[in-house]
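I opened my notebook beside the model today and jotted down what I looked up. Come along and follow each entry on screen.

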Amino acid sequence: MKTSQYKTAEEALSVLKSGHNVFIQTAAAAPQQLVNAMTEAGKSLTNISVYHLHTEGKVPYATEEMKGHFNVHCFFIAANMRESVNKGIADYIPIFMSEVPALFRRGIIKIDVALLHVSPPDEHGFCSLGVSVDAALAAIESTQYIIAQVNPNMPRTFGGGIIHCSRFSSMVEVDDPIFEAALSKADETDMLIADNVASLIEDGATLQMGIGRIPDEVLGRLKDRKQLGIHSEMFSDGLIDLIERGVVTGELKKKHPGKVISAFVLGSRKLYDYINNNPMIELHDSEYVNNTHIISQNPKVTAINSAIEVDITGQVCADSIGSHLYSGVGGQMDFIRGASLSEGGKPIIAMPSATKKGESKIVSQLKPGSGVDTTRAHVHYIVTEYGIADLYGKNIKQRVKELIGIAHPNNRETLAKEAYDLLKIVV
């Protein structure tokens, strides 16, 4: 379907003005050609504010040379933004993923231009937001200009991200590959952690997991489970095999039975082909997917998240290494709380006991400047390669003993001494 809306990227971005607020779609959906055209147009403009969650690809607007032209705000810090954020070129906005859409819908942040990456229009003129719905819908609702990068390689997904092309101010045709996330091979530590996490997952559980070696290793250990469901802010390739084996059916879920529910996906071309026109997979707004009340209605919600550090009382830091900003709050607390309130639910924080350099990730005190993403009142299970610490309902003394018990053996003596010095607890 051809309309007068089709333009070059440069023509489409001619609407950009100084002082505008721009939204860029999330993760693998970041529209690289529009991003490049925005950066070029911005060289003659000032004070353009850019807002996005985690994005993949290049970020030419977030450089020292572009300061003054662009003010960059991340709701989640991906690898491509870490240097810019920690150099003060870009800023981080700590916020639950469930609440990002509300910033746009309530006008707290008014979006003037939304840059999207969509599938081609079907015979009725409808496009799909493809691999990322999350905050894009809210941005679309609150913006003046919607510019869509139209790509035949973008999978067409069901759910909340179907948009008629008449809503777009401009459409830019591209034929670019969608970003693919490459996973490194799991090591022995990852496998032991996955063994421990998998032991907590029951038949009929509704799973939330992220991307990475440990989540994929966990999924690979669930081939003997039955009637699993998925309600997760994102998922990756590891899920495909479980669906095809009939392990993931979703039949016991209270919300969207029989469906895999997510806000975005990130993985390989195989994953993108699998979700294309697949009615079992639905992508929805993160205000809905990450809503604690919605999550908690499903049975045995098992939320698997990670951490950078956990202190011996159960405080979890997941977005920074001390004051060095690393990632974001994201949806961890949304799902930790949702799982906690689910009947038979299990909120899990899974991580190696130590860094590659041998520094303990279970610590007596979080590093100065660290953020507490999950409080000690919310935490239930902490899992390392050395076991499972169940902290729910435990007092501080019990928590200290449980956590030191799953720390790396090389660090337990030091942690025990520090526990006594700080809390007068004998381990």
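This is a predicted model: local features need pLDDT of at least 70, side-chain atom pairs count only at pLDDT 80 or more; totals for chains, interfaces and linings use all residues.

**Entry 1: helix α12.** I began with the buried residues of α12, and found Q332, M333, D334, F335, I336, G338, A339 and S340. Buried here means under 20% relative accessible area, with exposed over 50% and partly exposed in between, using a 1.4 Å probe and protein chains only. With 8 of its 10 residues buried, α12 is largely enclosed by the rest of the structure. Helices are DSSP runs of H or I with at least four residues, strands are runs of E with at least two, and both are numbered from the N terminus.

Residues are numbered from 1 along each chain as its sequence is written, and side-chain values use heavy atoms, with hydrogens and water left out.

**Entry 2: what α12 lies across.** I traced α12 (residues 332–341) across β11, β12 (229–231), β17 and β22 (346–350). The helix runs at about 140 degrees to β22; axes are lines fitted to C-alpha atoms, for helices over the stretch in contact (heavy atoms within 4.5 Å), and angles run from 0 to 180 degrees between N-to-C directions.

**Entry 3: the sheet.** I then read off the strand order of the open sheet of 9 strands: β8-β16-β14-β12-β11-β17-β22-β24-β25, with mixed pairing. Its edge strands are β8 (158–159) and β25 (387–390), each pairing on one side only. Two strands pair if DSSP finds at least two bridges between them.

**Entry 4: the strand pairs.** Strand β11 (residues 206–208) pairs with β17 (residues 301–305) in the parallel sense, over 3 bridges. There I found T206 with V301 as its bridge partner. β17 also pairs with β22, again in the parallel sense, over 4 bridges, and N305 stands opposite I349. On to β24 (residues 381–384): 3 bridges join this strand to β22, and the two run parallel. The bridge partner of A350 in β24 is V383.

**Entry 5: both faces of β22.** Which residues cover the two sides of β22? I listed K346, I348 and A350 on one side, with P347 and I349 on the other, and they are all buried. Since 5 of the 5 residues of β22 are buried, the strand is largely enclosed by the rest of the structure.

**Entry 6: R156.** I moved to the loop between β7 (145–150) and β8, where R156 lies. Is R156 buried or exposed? At 19% relative accessibility, R156 counts as buried. Its side chain makes a polar contact of 2.8 Å with that of D122. A polar contact is a pair of N or O atoms within 3.5 Å; within protein, one must be able to donate a hydrogen and the other to accept it, and residues adjacent in sequence count only if both atoms are side-chain atoms. A polar atom of the R156 side chain also lies 3.1 Å from the backbone oxygen of F126. Leaving aside neighbours within four places in sequence, the contacts of R156 include S119, C127, I162 and N276.

**Entry 7: the whole chain.** Of its 427 residues, 58% count as buried. The C-alpha trace spans about 75 × 50 × 40 Å along its principal axes.
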